[in-house]
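Please keep the sequence and the model in view while reading.

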Amino acid sequence: MPLGREIEDPGVLSSGRVAVRIIRWSDADALRRLLTENRSWLQQWEATHPSGRSVVPGSVSMRPMVRTLRRQLRAGSGMPFVILYDGSVVGQLSVSEISGGALQSSQLGYWVSQHVAGRGITTTAVAIVIDHLFAALGLHRVEVCIRPENAASLRVVEKLGLRHEGRRASYIHIDGAWRDHEVFVALRGDASAGYAARFARD
Ligand SMILES: CC(C)(COP(=O)(O)OP(=O)(O)OC[C@H]1O[C@@H](n2cnc3c(N)ncnc32)[C@H](O)[C@@H]1OP(=O)(O)O)[C@@H](O)C(=O)NCCC(=O)NCCS
């Protein structure tokens, strides 16, 4: 069951040099450039369509994509964030599959450009967004699903102390095939002072 209401644009949410905000039309060119420059960095972790009809990210105009993503806010189904570092767009963090009713849950996906990897940017951004989903949307559960081969992404959830629930077999079609995923979750109340405070302290 969807959330059943429009999601408010939270403006800029930040912690130190890292911030997130909802994607805008004016981000289209920067994102297209980053997606093109980072093809080999991102490809093995990217969702694909089982029919083989996937569009290569960065190969087409991002503007229709931005419009589609922003519609998720009005539909109450997702929050398409860009990740900023010192004010520049360096990646994306997508909140999707937002469910209301008896679930109150959502899924997170993310990437950053290789040229800024290893500075804690994604981990900080994920912490900020999880805190927002609990505090502002009142969600109960946030899931992150990661391929067992993705050591860098596994470190993101490990550093934040998310719960490991187990493995979903052949869960998401990634880079041309159905792939197993490890499931990690944050439950509301797991980090009493919030995930951003928890990561900043470490
Ligand atoms: C996974 C990813 C988002 C992590 O982003 P990040 O901003 O680099 O996150 P962090 O700085 O917190 O680093 C996380 C881990 O990445 C690894 N890492 C650091 N620098 C790296 C580099 N230059 N190249 C590859 N991995 C690196 C380290 O294991 C690090 O953990 P550590 O802090 O204990 O050393 C990023 O590597 C990425 O965009 N990868 C490609 C897309 C992807 O995998 N998305 C997630 C799908 S589930």
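Helices, of at least four residues, and strands, of at least two, are DSSP runs numbered from the N terminus. The model is predicted. On that numbering, helix 2 (39–42), strand 5 (105–112), helix 4 (121–135) and helix 5 (151–160) each contribute at least two residues to the shell around the ligand. Helix 4 and helix 5 also pack against each other, with a right-handed crossing.

**Ligand surroundings**

- There are 20 residues around the ligand, and those that come nearest are Gly118, Thr122, Thr123, Ala152 and Arg155.
- Helix 5 makes the largest contribution to the shell around the ligand, supplying five residues.
- Sorted by class, the shell consists of 12 nonpolar, six polar and two charged residues.

**Packing of helix 4 and helix 5**

- The axes of helix 4 and helix 5 lie 10 Å apart, and the two helices pack at an angle of about 50°.
- An angle under 35 degrees would count as roughly parallel and one of 65 to 115 as roughly perpendicular; helix 4 and helix 5 are therefore oblique to each other.
- On the side of helix 4, the contact is formed by Thr122, Thr123, Val126 and Ala127. Helix 5 contributes Val156, Lys159 and Leu160 to this contact.
- By class, four nonpolar, two polar and one charged residues make up the contact of helix 4 with helix 5.
- Thr122 and Thr123 belong to this contact, and both are also among the residues that come nearest to the ligand.

- Asp86 has a phi near 50°, which is a positive value in a residue other than glycine.
- Asp86 is situated in the loop between strand 3 (79–85) and strand 4 (88–99).
- Asp86 counts as exposed because it has 10 C-beta neighbours inside 10 Å, and the limit for that class is 12 or fewer.
- Gln104, likewise a residue other than glycine, has a positive phi near 50°.
- Gln104 occupies the loop between strand 4 and strand 5.

- Leu103 is placed in the loop between strand 4 and strand 5.
- Leu103 has 14 C-beta neighbours inside 10 Å and so counts as partly exposed.
- Although Leu103 and Val89 are 14 residues apart in sequence, their C-alpha atoms are 32 Å apart in space.
- Ser106 is located in strand 5.
- Ser106 is buried, because 24 other C-beta atoms lie within 10 Å.
- The C-alpha atoms of Ser106 and Val142 are separated by 5.0 Å, while the two residues are 36 residues apart along the chain.
- When neighbours within four places in sequence are left aside, Ser106 is in contact with Val95, Ser96, Glu97, Ile98, Leu133, Leu139 and Val142.

- Met1 is found in the segment before strand 1 (13–15).
- Met1 counts as exposed because it has 9 C-beta neighbours inside 10 Å.
- A distance of 5.7 Å separates the C-alpha atoms of Met1 and Gly100, which are 99 residues apart along the chain.
- Apart from neighbours within four places in sequence, Met1 is in contact with Ser99, Gly100 and Gly101.

**His173 in strand 7**

- His173 is part of strand 7 (residues 163–174).
- With 16 C-beta neighbours inside 10 Å, His173 is therefore counted as partly exposed.
- His173 and Ile121 are 52 residues apart along the chain, and 26 Å separates their C-alpha atoms.
- Setting aside neighbours within four places in sequence, the contacts of His173 are Ala47, Thr48, His49, Pro50 and Trp178.

How values were computed:
Residues numbered from 1 in each chain as written. Predicted model: local features only at pLDDT ≥ 70, side-chain atom pairs only at ≥ 80, totals over all residues. Near = placed C-beta within 6 Å. Nonpolar A, V, L, I, M, F, W, Y, C, P; charged D, E, K, R; others polar. Axes fitted to C-alpha atoms, helices over the stretch in contact; angles between N-to-C directions. Parallel < 35°, antiparallel > 145°, perpendicular 65-115°, else oblique. Left-handed = near helix turned anticlockwise from the far one by under 90°. Contact = placed C-beta atoms within 7 Å. Buried ≥ 20, exposed ≤ 12 C-beta atoms within 10 Å, placed from the backbone.
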